[in-house]
Amino acid sequence: MPNPTKNRERQADDLPLSGLEVVEVAQGVAGPFCGRLLAALGANVIKVERPPKGDWSRKIAPFLSDDNHPESSALYLYNNTGKKSVLIDWETESGIDTLTSLVSKADVLIEDWDVNYRESAGLSTEKFNSENPGLVEICVTPFGLSGPYARWKSTPIVQLALGGYLSIMGYPSKEPLMLPGHQPDYLAGLNAHNAVQMALFERDIDGLGQFVEVTMLETLANLHQIALEMDGAVRVRNGHRQSSLSRRGFPPGVSTLPADDGYVTFGGGSVAIWEQLCLMLGRRDLSENLDLDNLDEIAELRCEVDEIMTEWMKGRTREEVFLDASRNWMLPVAPIMELHEVLADPQFNQRGLFQDIHHPVAGTAKYPTLPFVTSDPLQEFKRAPLLGEHTEEILGR
Amino acid sequence: MNGKKSTTIRSSGALKGVRVVDLTRVWAGPLGTRILGDFGAEVIKVSDPRLPADRMGGLYGKLNRNKSSLGLRLDTEVGRRIFLELVTISDVVIENFRPRVMPNLNLTYDEIMKANPSIVMCAMPGYGAEGPYAEFPAFGSTAEAASGVVSMLGYTTDRPIQTGMSYADPVSGLNSVGVVLTYLRRSRATGKGQYIDLALADSPVCMIGEYLVANSAISYLPTERGNEHPDHAPHGVNRADGDDNWVAISVTTNDEWQALCSVIGGDRLSDSRFSTQDGRKRFEEDIDAVISDWAKSRDTVSIMTQLQEAGVRAGRVSNNQELLNDPHLAANDFFADIDEGENGLKRYDGQSIRGNILDKSEWKAGPILGQDSKHVLVNLLGYSEADCAALAIDGTSVFNDESSTQS
């Protein structure tokens, strides 16, 4: 078993991606999140930023310093841990030469150039790979380089709309709701990381790199199986009750209900869980003679039990409900945690999920690290680079 | 560049020759192993032979395509021995039980490593292998609540709303692939295995990193709810013609604002209050009212197309059926139509990593429990037909391949 307390003590040359050279020109979240993972696993990630302002995420709030200093954007700081920053204006002739020379020695290039940009800048998909046949080039864009939406512009809400996520979030009587932050970008970043590993696996066999596209829209469509499996039916949004489990042959599913100090989510979806829940509420009768094919009856039963549970939770805190239902009744239940509670949570902290990182401009903050621990510990996370901090070291000027 | 896929395609299935023993259930784990299968890995799903066998279609089918099925009891000495033999000839083991389950079966990482020191083992428990909540049950729907994501989602700050899609599951499934492949490459190079403990609840935490960083440093809490953006306006969804049809619109620059005004026309938007981003943010409701008036009698596809062609970020709110018929996804050959036997041909989402996948003509539907038991036991592990008959009789395995059902 990995021991998190002994974790992250290793030297950089002993990590799974030690020796892997990565150049990242992608900006924002998707490509940089992928680069962040590669850096955490031991790769040398050179982040190329265009002067004078660098990555656009440097301009995004929230900022950790009072004066909205671009070195203190939480989005930039989080997504660029462990990288080196080099300033190159690749939109000038000498700049593209410098970038090309940097990429000619790299194993992986992470970029986010869409079809409009490629055409205006004259960047073909073969440009780098033809000079460096071992190069794995990952191109992360909202819609990809081909197809009817290829020239369209996107943002997280547009992406979540087209990708089918908005349609299932929120109340049926109200407008559909988006996920917080930059979720399509993060998801595509995870997928880009998978694409890099897949291409490297192939390269280990024949020495050849390749150009691989990862798109946000396809990433979202790929993860939408619950909706896609409905066999012709339209999945509707259903507020604090997850509707996917209201199907023939299934007992009532997930509900989010109030406790004294906030809300608690009850997972569901199996007869065993339903019986256990009814037992906990002292209402074993409600789990007897269930007709799982009668959807109306199941829906009614669910409303009834939601009311009973709400009553049952009066006078209890989220934590009391969580610990009692999880420990004593083995029910899948969790409090809806606020951000500061997540940061203080004993489970997350025992796993070493967060690490304090100091930054000369932004100060010290707690950063999420990786969602996994490994039997061979990884290294400590290092702070994000200052704009152009490593230009001299890497370009010699 | 247009109209042609630029991804290099040089072989079918980058992971051909990789064998994965898949003990996962529900969503997160099966999604991870499905991705490995899409790229040609031989994914052997090991299931208890006492489970019902008729589970090819639906969500199960979607998540278990390109996998084989071995029926095997792990809680008997014979079954456990066969499992360890399979581990010996495999590269990866993935499971998402609660932490006590594998030790109870005497199948700890140490035992598995004894059988195969190069093995990459990925456990995907709810809260991790150790710690105060380690044995608590968790689903994607509850792990997303624990992760903080849900606290930022809702129409108002006092009533959080779930994602409706058990967000921790897909995020955790995606995470498993990259880390498993990282250590698999290393195992191939050095012979050294690895144990990975990937927690369902940790995965979504890492998707809101910037908010947690800011909360820890300056107690930052995002106050915007619904579809509000902290800076941009308009930003949200507008009702279009029809029952429950909506279009998302987001204006991020002055140019995009001008483009929106020119598409909508009239003079209600040519108001000096709206000429700057700050002004638009301040009078967002007034702007939304004008857009809603314009959108309500138009259809979603024409609104989105007209706006995008003018340079405005817009997208219709596709439901699951519209997503399955999306023209852009279809033009990129994203979907896969797979024969589900008695269910007929069913449309599946394809693979979003373009390149290196197993050729779609080789894709197969989710397996019937035990359909590959004979193949695994006889062809891979060297058991005889007579051995299989004995394993069927004592219930260690189950055989649902065509030759078995005929006999």
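How far apart do the C-alpha centres of domain 1 of chain A and domain 2 of chain A lie? They lie 39 Å apart. This is a predicted model: local features need pLDDT of at least 70, side-chain atom pairs count only at pLDDT 80 or more, and totals for chains, interfaces and linings use all residues. Residues are numbered from 1 along each chain as its sequence is written, and chains are lettered from A and ligands numbered from 1 in the order in which they are written.

**Domains of chain A**
- Domain 1 covers 4-223 + 349-395, and domain 2 covers 236-340; the bounds come from an automatic or database domain assignment.
- Their contact takes 7 residues from domain 1 and 4 residues from domain 2 (in contact: C-beta atoms, placed from the backbone, within 7 Å).
- The domain 1 side has 5 nonpolar, 2 polar and no charged residues (nonpolar: Ala, Val, Leu, Ile, Met, Phe, Trp, Tyr, Cys and Pro; charged: Asp, Glu, Lys and Arg; polar: the others, Gly among them).

**Fold of chain A**
- Chain A has 15 helices and 12 strands (DSSP runs, numbered from the N terminus: helices H or I, at least four residues; strands E, at least two).
- The C-alpha trace spans about 75 × 50 × 45 Å along its principal axes.

**Chains A and B**
- In chain B, 118 residues are in contact with 127 residues of chain A.
- Helix α7 (residues 168-190) of chain B gives the largest share of the chain B side, 12 residues.
- That side divides into 63 nonpolar, 41 polar and 14 charged residues.
- Strand β6 (residues 210-215) of chain A runs antiparallel to strand β12 (residues 353-354) of chain B, joined by 2 bridges (strands pair if DSSP finds at least two bridges between them).
- Glu213(A) has Arg354(B) as its bridge partner in β12(B).

Technical notes: Contact = placed C-beta atoms within 7 Å.
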